[in-house]
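My notes follow in the order in which I looked things up.

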Amino acid sequence: MTEKQATPRIVAAASALEDRLPLADTGDMEDAERGFVGALRPGQVRAADGRVVWDADAWATVLQAERPDTVNPSLWRQARLVALHGLYEVTDGIYQVRGMDLSNMTLVEGDKGVIVIDPLISTETAAAALGLYRGHRGDRPVTAVIYTHSHVDHFGGVRGVVTGDDVASGRVPVLAPEGFVEHAVAENVYAGAAMARRSAYMYGAALPVGPAGQLGAGLGMSVSTGTITLIPPTLEVTRTGQEEVLDGVRILFQVTPGTEAPSEMNFLFPDHGALCMAENATHTLHNLLTLRGALVRDPHAWARYLTEAIDLFADATSVEFASHHWPTWGRERVVALLSEQRDLYAYLHDQTLRLLNKGYVGVEIAELLELPPGLENAWHTRGYYGSVSHNVKAVYQRYLGWFDGNPARLWAYPPEQAGRRYVEAIGGPEAVLDVARRAFDDGDYRWVGELAGHLVYADPGNTAARELQAAAFEQLGFGAENGTWRNFYLVGAAELRGATVGTPTVTASPDILAQLTLSQLFDSVAIRVDGPRASDLRVGIDWSVTGPDGEEHRYWSRMSNGVLTHGDGVLREKPDAVVRTSRGALLALVTGQTRPDELQESGSLSIEGATDVLARILEVLDTLDPGFAIVTPRPPHPS
Ligand SMILES: [Zn+2]
């Protein structure tokens, strides 16, 4: 067992896979290179302080070589396509900057300037992408921005292409599907810290790029690590059939809520014959439940909206492009792409339901279900980002939840307690290691991962167990066709080997927090209340909060039984205090940037009644751990 080398088992599996892959079909390689105009040289994007937030050259260098044994051949092929970077012409007047962030920026030339679709994740990469475009197409002003959906890789860089003034003055309209802001921020409020942590594993942003390291996420290479911003839309797209004209360019919209994102839309440029499919049809099987964690998506609705898109737009389309990957040219090829993507999500949905209605549980269906040959042999339906395995479990979860019906798993022991018992039952640590080592030699890495994991949880100090589990994770990563599986395995191995695995991207930026509603702001406090510590605390407050518009909002909050409840208006009972403040000051207070006494001194907060009410609430708020352990035990919980 040698660190960073693939075992003969993984090498053999890779060559068996190569025999099954449709390698003769090179259409997407031609598409990915078609229309190349020019690239950023060198391929690094830096923040104002000089820090590199994106390095397109790092991947390009690795991917120039022959495929190493440590990368799955199908993922290697996908990485080579995804890592291509530069400005590309899609059709007359429509360009894309690809490979400069996880997502694409699309530029549509209008009468006076250029419309930007999806300004990437960071202001730095967005500005660099726009600069690259302008370098080749002239210094056109941005005349409109469109966000295709509510995920951060489609809006975070907006202040890199327009200013708040451009938008506030009405010079630059910003379009988004209905519900955009609510969903864009909601995701960061409730489980945001855990999602950010798990994203670090999913995108492997803390892993070194290389043959035994990070080689993309299948959807894009990785996430940029610059400044995340948000300018709220000025015009919402609320219905299918809505038509808008931006900078002289006609656009026809289809709203697709509850597909890849809760708020998303496709749209046609009828005068260009160009169709934007947002993230609803990409060159991978997408996620029904992303591994970073989220609410389960609806494959049934997703498939239905893809049918609707074909019906609405296919006849008028000669090229299709999306917010990730490369375009598809030719009406027939576009229809084939959209139909196969539709069949893919419908197949996973329907077949999982068929099998769960026969009593099979998620982990069983995940092993049973294979795609039919027509889908298996199309590159764009392969599991580079989503996978059949984890999507099937997601469908099960959506309909039936975590419990598989077997009471043996109704009240199972948590990992540390289970680990101790398994280790004892097998005959102690050495016996576990013996079995696990033999399984490793047999190439049964899934079993090694599980078995050695019991020993790691029973005794996190057992370095042999940690190394064995890390070695198994590493082989599973080397063998994975899915980019996010590879990243999870390799970052897990790094954690076991004691590396500091950081959390490079935290999406709760000041711009995003500024869009929180009062109710979301109080929710974000409520979920940090340490219940046991707060169980005796009873505090009622009537709030008067002045918004940025100068308008006064009356709001109440009440702490009792370890719960902070809140709502519009005033308390039913007499409050302990009345607090007057501004939204901005309240945000600074709950994000820990300031203290109540500082705000009182500066005159931005006043308390009438019991003056210690805020201090008493702040005292029972828990501090989150942005870098929590995932494959090793968390520290014992104090309460
Ligand atoms: Zn995206």
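I took helices (H or I, at least four residues) and strands (E, at least two) as DSSP runs, numbered from the N terminus. The model is a predicted one, in which local features need pLDDT of at least 70 and side-chain atom pairs count only at pLDDT 80 or more, while totals for chains, interfaces and linings use all residues. I number residues from 1 along each chain as its sequence is written, and side-chain values use heavy atoms, with hydrogens and water left out.

Backbone entries. I then turned to D247, in the loop between strand 11 (243-246) and strand 12 (249-255); its phi is near 50°, a positive value in a residue other than glycine. D247 is buried (under 20% relative accessible area, with exposed meaning over 50% and partly exposed in between, by a 1.4 Å probe and protein chains only), its own relative accessible area being 15%. A278 also has a phi near 50°, positive although the residue is not glycine, and I found A278 in the loop between strand 14 (274-276) and helix 9 (299-313). A278 counts as buried, at 0% relative accessibility.

Whole-chain entries. I counted 24 helices and 21 strands in the protein chain. Its radius of gyration (taken over C-alpha atoms) is 26 Å, close to the 26 Å given for 639 residues by the globule rule, so the chain is as compact as a globular protein of that length; the rule is 2.2 Å times the number of residues to the power 0.38. The C-alpha trace spans about 75 × 75 × 50 Å along its principal axes, and 56% of the 639 residues count as buried.

Core entries. Which residues touch the most other members of the largest nonpolar core? They are L107 and Y147, in a core of 93 residues, where a nonpolar core is a set of buried Ala, Val, Leu, Ile, Met, Phe, Trp, Tyr and Cys residues joined through side-chain atoms within 4.5 Å. Helix 5 (residues 123-137) gives the most to this core, with six residues. Leaving aside neighbours within four places in sequence, I listed the residues in contact with L107, among them L87, I94, V116, L130 and Y133, contact meaning heavy atoms within 4.5 Å. A second, separate core of 34 residues includes L288, I310, L356 and A394.
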